[in-house]
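Student: Please take a close look at one loop for me. Then place it in the rest of the model.

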Amino acid sequence: MAGVKITDTTLRDAHQSLIATRMKTDDMLPIADKLDKVGFHSLEVWGGATFDACLRFLKEDPWERLRMLRKSFKNTKLQMLLRGQNLLGYKHYPDDVVEEFVKKSIENGIDIIRIFDALNDPRNIKKSIEATKEYGGHAQAAISYTTSPVHNNEYYINLAIEMEEMGADSICIKDMSGILLPYEAEKLVKGLKENIKIPIQIHSHFTSGIANQTYMKGIEAGADIIDTAMSPLAMGTSQPATESMIASLQGSPYYPDIDMDLLLEVTDYFKDLRDKYLDKGLLNTKVLNVDVRTLKYQVPGGMLSNLVSQLNTQGKLDKFDEVLEEVPRVREDLGYPPLVTPMSQMVGTTAVFNVLLGERYKMVPKETKNYVKGLYGKPTVPIKEDIKQKIIGDEEVYTGRPADLLEPELDKLKDEIKEYMEQEEDVLTYALFPQVAIEFFEYRQAKKYKIDNNILNDEFKTYPI
Ligand code: CO
């Protein structure tokens, strides 16, 4: 037995969780060769918030980052996180955009696409799973893990069976808040193993301090792959530490085939990088603490800091505890959505409005209204009539697949950005983040910075012209 497999998330989730997604490509490339030779099953390097952060804050082309990484990682599979029909944005995109996005992700170097939907609505991940398979990628369907009176093992097993039937190549239990308890993980993994044939991966966060034990019990129950991050960027709201998890498995049949000496050289590199981020004030040491509130409120680390900053700008930080207590109530009212993008933002902002306005649902964010109208998919539990009344009145609720309402738009979008197009991928960047994309394209033109489309074929170079 080859032991458990490891996906290292340092280049995606870890820096998204700890340093607001600010790791630059230049900080990744020097260690790529060593990371590539350690023996990881895969490296999560793209997707999630990295795409947006590249454009918005780092003034990097995310597609070019991907090509550079692909070029550097010759042995290891590259993995990304995709929000199903929401891709890497915050709303539903038409099927033609989804298909093209998946195609280009794979063409530019992604091997494994982890696909999830915040509502666990299978209709919202179907198109991206199909496209991934069509273009030769590995489609991993992710269960957004949460707890509620209806989110039990039977629910998750049925969902996983449906995902397998849909063509998923593996299943991920995606515990974004770090609330999956060790013995629950054991039961869930066992149940999944009895009912599906494809491999099972566990993704958790260290936020509440339990993820290491969760992984151990999950592995003993048969989980095939776990997600960890290199120790300098692990723990806190990030993943458990890669080195510690591997060491914990020594002397067991689960011990993975990893070059530990080389791994520790990788640790040294990230230690220096972490110090650099600390000096720059990018790493807030607060997120490194164990936060047990997440066990009670289910609020993922990123959402906690969002709530703090929303309240801070209003000068209402004193209402923080009240808002935190309002979150589970709003969640219940809305049919127990898992608190993951975009539902975490929706529930969070609605809770903030409810508390600050002193009356529940007096004012409701547009996104929450659209959710109640069915435009994000099917709530796990139907929303109660009186709550629906308060939020959307007598407006009709749509029960079909949200993307069926959307017309193809790729050709139109291509037309809109003709003057900026330097690569086919640009239209996707524009489809996802229109305003940020235009700003980036203008920056790119002004800098006379030329992107290299043939990086995977030629020797890499970025050159000013
Ligand atoms: Co995560």
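**The loop and its surroundings**

Tutor: Pro342 sits in the loop between α14 (320-333) and α15 (343-356). Helices are DSSP runs of H or I with at least four residues, strands are E runs with at least two, and both are numbered from the N terminus. The model is predicted, so local features need pLDDT of at least 70 and side-chain atom pairs pLDDT 80 or more, while totals for chains, interfaces and linings use all residues. Residues are numbered from 1 along each chain as its sequence is written, and side-chain values use heavy atoms, without hydrogens or water.

Start with the backbone. The peptide bond from Thr341 to Pro342 is cis, with omega near 0 degrees. Tyr336 is found in the loop between α14 and α15 too. Its phi is near 60 degrees, a positive value in a residue other than glycine. Tyr336 counts as buried, at 15% relative accessibility. Buried means under 20% relative accessible area, exposed over 50%, and partly exposed in between (1.4 Å probe, protein chains only).

At 41% relative accessibility, Ala20 counts as partly exposed.

Helix α1 itself is mostly covered: 8 of its 9 residues are buried. Among them are Arg12, Asp13, Ala14 and His15. The cobalt ion is coordinated by Asp13 (OD), His203 (NE2) and His205 (NE2), at 2.0 to 2.1 Å. Asp13 lies in helix α1 (residues 10-18) and His203 in strand β7 (residues 200-204), so the pair ties together parts 190 residues apart in sequence. The donor spacing reads D-x189-H-x1-H. Donors are N, O and S atoms within 2.8 Å of the metal (3.2 Å for Na, K and Ca); water is not among the atoms, so sites may look incomplete. Asp13 and His203 are both buried.

Take Lys77 next, in strand β3 (residues 77-82). Lys77 is partly exposed, with a relative accessible area of 40%. Leaving out residues up to four places away in sequence, Lys77 touches His41, Ser42, Leu43, Asp111 and Ile112. Contact means heavy atoms within 4.5 Å. Lys77 and Leu43 are 34 residues apart in sequence, yet their C-alpha atoms are 6.4 Å apart.

Asn312 gives another pair. Asn312 belongs to helix α13 (residues 301-313). Its relative accessible area is 46%, which is partly exposed. From Asn312 to Pro408 there are 96 residues in sequence and 40 Å in space, C-alpha to C-alpha.

Finally, the whole chain. The protein chain has 20 helices and 10 strands. Its radius of gyration is 21 Å, close to the 23 Å that the globule rule gives for 465 residues, so it is as compact as a globular protein of that length. That radius is taken over C-alpha atoms; the rule is 2.2 Å times the number of residues to the power 0.38. The C-alpha trace spans about 60 × 60 × 45 Å along its principal axes. Buried residues make up 58% of the 465 residues. Of the contacts with a separation of 6 or more, 75% join residues 24 or more positions apart.
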